[in-house]
Amino acid sequence: MNMKRYFKDARADLLTYAGVIIAFLVISAMKGNGMLNRSQTGLLVPICCYIVMAVSLNLTVGILGDLSLGHAGFMSVGAFSGVITAMGLMNVIPSAPMRLALAMVVGALCAAIVGFLVGIPVLRLNGDYLAIVTLAFGEIIKELITCLIVGVDSKGLHVIFNVNGSKTANDLTLLDGGRIIIKGAQGATGTKTIATFTAGFILIMITLVIVQNLVRSRHGRAIMAVRDNRIAADSVGIPVTKYKMMAFVTSASLAGAAGALFGLNYSNLAAAKFDFNTSILVLVFVVLGGLGNIWGSIIATVILYILPEALRGFSTYRMLIYAIVLIVVMLTTNNPILKNYFASLRSKFGKNSEKEASAS
Amino acid sequence: MKKSLALILALTLVFALAAPAAFADGTFKIGGQGPLTGGAAIYGNAVMNAAQIAVDEINASDSAIKFEFQAQDDEADSGDKAINAYNTLMDWGMQILLGPVTSGSGITVAAQAYDERTFLLTPSGSSVDLIADKDNAFQVCFTDPNQGIASADYFADNFAGAKVAVIYRNDDAYSQGIRDTFVKEAEAKGVSVVYEGTFTDATSTDFNVQLTAARDAGADLLFLPIYYTPASVILQQANQMGYKPTFFGVDGMDGILTVENFDTSLAEGVYLLTPFSADAEDARTQAFVAEYQKRYGEIPNQFAADGYDAVYIIKAALEAANCTPDMSPADICEAVIPVMTTLKVDGVTGEGMTWAATGEVSKAPMAIVIKDGAYVTP
């Protein structure tokens, strides 16, 4: 690695941070001055969550080069462990930001553990096989959480694992003043919403620091070597499974943190929300933004999440138009003429980082 | 630099489309929220179509209260999309929420509306969780427990000695809620429940396991507190295996005759509990059904009837509370809550509907049976 390239990468990373910080400041200022209406304000936290989801999935799909279709499963683990943490500690830790931070840490840890367990069988596979198995694990996680019934009272946490569907929240036998946190398939109900846009911003920054530094490090280069040629990487002594696991678990834990933030933004959240469709939605963000392109993931997430809301004027044709826009955008961003045009623009401004060139 | 600029520009553009919330003069703004696209769209569209009819009728009449109505799609999502739809309506200047149509979205939105003091009347969100501990949320339809209790009572009176099997969807607050109270009431009334089978949204295409188990348990009455789409699959598969119990559904069964590619002769003899029958003789129902058919070319279902009644209930409540269109949503909410318990409204889903402070409606449920492709009273 020569010094010139090092500075280029560093500059691209710094620009990413600067862009996100400026966007946060601008939006915060607009919010403070009442320039955002309710629906726009309401979109801020989910956008932050989905940005973290997209960036972390990009680590698996773009940097590691393994197609994962179960990313929503990790988000789900993070969401429900986060909600249990925040609701369970309500009387112990009165400060909402503290509980939120702790919930996100617990969410990240739980998702990392699940990611590790899932990774053991999954990462032995390659390509399509790996994609199918991650899909299956995503569904398994959803079904398992559907069986959970959790409540808390002065004695502590009560958990029932409702496998055959015969138990209900009444079987928790909570004492007076106890609270039901998760009602099986109906998900978390009555959650106190403590997620904030600032927390979302901080989470995005942490995600960027982790992902960008991982990519630029020795480990990151090893991970990309595994992506580019597994056999060659293996032959020069890179422990393939270790690096695959590193990227996969990091990705899962970030998704868990995003899930915790998401779960604490809504008073009611069912496990069914984190199904296959959500995994695909995040994958669409990543693919549209460009595999391996962190910046692209962020912008694609913002645009594609806002789009269905912006199309409300079309009433019932809204989702149809959303799909058409998606197809058109995918076609045009892959158009060679447009690609060359953007490449020439980039070289004009002398900003063509090799990262993007290799990713496209 | 270019990219960061592009992001900021994109964000600014999107967020600059902000429209300030404005309160109309002279008309109340009612927002409708429900699934207008996706698998549950039939419910949302039925409610919104019928609500539009009611709004047009009121605006054409000499009533002092006039309405403006807007419907937003929540895709029956219980998370971010439900809140997005609600926020969009609030930006529009909504003063009263007619909805959400489905329980899942309803629980999410009702919690938010409670914090912000927006009055909401759900036409068909029947979960108890929707109205629990929220003084601002009222229902037009029965709560799930009421349907469970009414069904168990009906069995005790009309099917004495029957062996009952229940198949319900346990990832659905609606289905689970009815099942819970049904089983409790059945025990109290001495109705014998011999089998309980569950399924989820993902497994709602094959019921052979549950049906075989129900038959092996000797059940001759199958209670289906579920929506009609999975119920149609159950009817088909039971028919294929030659299992012929009496089927009994609740209000979600309403619509079974409209399922595409479904042999409606299989639904002959199916009982269901519903507050609305399009064949009813009274003038109000006849006029509503005729108008709905004229506009949308189909017989209104029970969801439509609930939506139609909801608009008239809102009107009655606003009149009783002496609300004026220039009042804020929170002021209307505080004014309307105390009068809701004093109202008595006649609608197409029941005569003399009254409300408890909890938000539950009180009206007589009615069991009907399907005969020759039509609803008749048994």
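About 1,000 Å² is buried between domain 1 of chain B and domain 2 of chain B, and carbon and sulfur atoms give 54% of that area. On the side of domain 1 of chain B, the residues that lose the most area to domain 2 of chain B are B:Tyr43, B:Phe142 and B:Gln302, which together make up 43% of what that side buries. The model described here is predicted.

The two parts of chain B come from a domain assignment, which gives domain 1 as 25-142 + 283-363 and domain 2 as 145-274. The contact involves 12 residues from domain 1 of chain B and 11 residues from domain 2 of chain B.

Next come the polar links between these domains. Zero salt bridges are counted between domain 1 of chain B and domain 2 of chain B, while the count of residue pairs in polar contact is two. Two helices of chain B, α2 (41-60) and α11 (302-320), each supply at least two residues of the side of domain 1 that touches domain 2. Sorted by class, that side of domain 1 of chain B has seven nonpolar residues, four polar residues and one charged residue.

The other interface to follow is the one between the chains. Here 44 residues of chain A are in contact with 47 residues of chain B. Together, chain A and chain B bury about 4,000 Å² between them, with 57% of it on carbon and sulfur atoms.

Salt bridges are present between the chains: the count between chain A and chain B is five. One salt bridge pairs B:Asp80 with A:Lys273, and the closest N and O atoms of this pair are 2.9 Å apart. Across the interface of chain A and chain B there are also 15 residue pairs in polar contact.

On the side of chain A that touches chain B, at least two residues each are supplied by α1 (3-32), α2 (38-63), β5 (268-269), α11 (294-310) and α12 (318-333) of chain A. Of these, α2(A) gives the most to that side, with eight residues. By class, the side of chain A that touches chain B is made up of 22 nonpolar, 13 polar and nine charged residues.

Note on methods. Residues are numbered from 1 along each chain as its sequence is written. Chains are lettered from A and ligands numbered from 1 in the order in which they are written. This is a predicted model: local features need pLDDT of at least 70, side-chain atom pairs count only at pLDDT 80 or more; totals for chains, interfaces and linings use all residues. Side-chain values use heavy atoms; hydrogens and water are left out. Domain bounds come from an automatic or database domain assignment. Contact means heavy atoms within 4.5 Å. Buried area is the accessible area (1.4 Å probe) that two parts lose on being put together, summed over both. A salt bridge is a side-chain nitrogen of Lys or Arg within 4 Å of a carboxyl oxygen of Asp or Glu. A polar contact is a pair of N or O atoms within 3.5 Å; within protein, one must be able to donate a hydrogen and the other to accept it, and residues adjacent in sequence count only if both atoms are side-chain atoms. Helices (H or I, at least four residues) and strands (E, at least two) are DSSP runs, numbered from the N terminus. Ala, Val, Leu, Ile, Met, Phe, Trp, Tyr, Cys and Pro count as nonpolar, Asp, Glu, Lys and Arg as charged, and the others, Gly among them, as polar.
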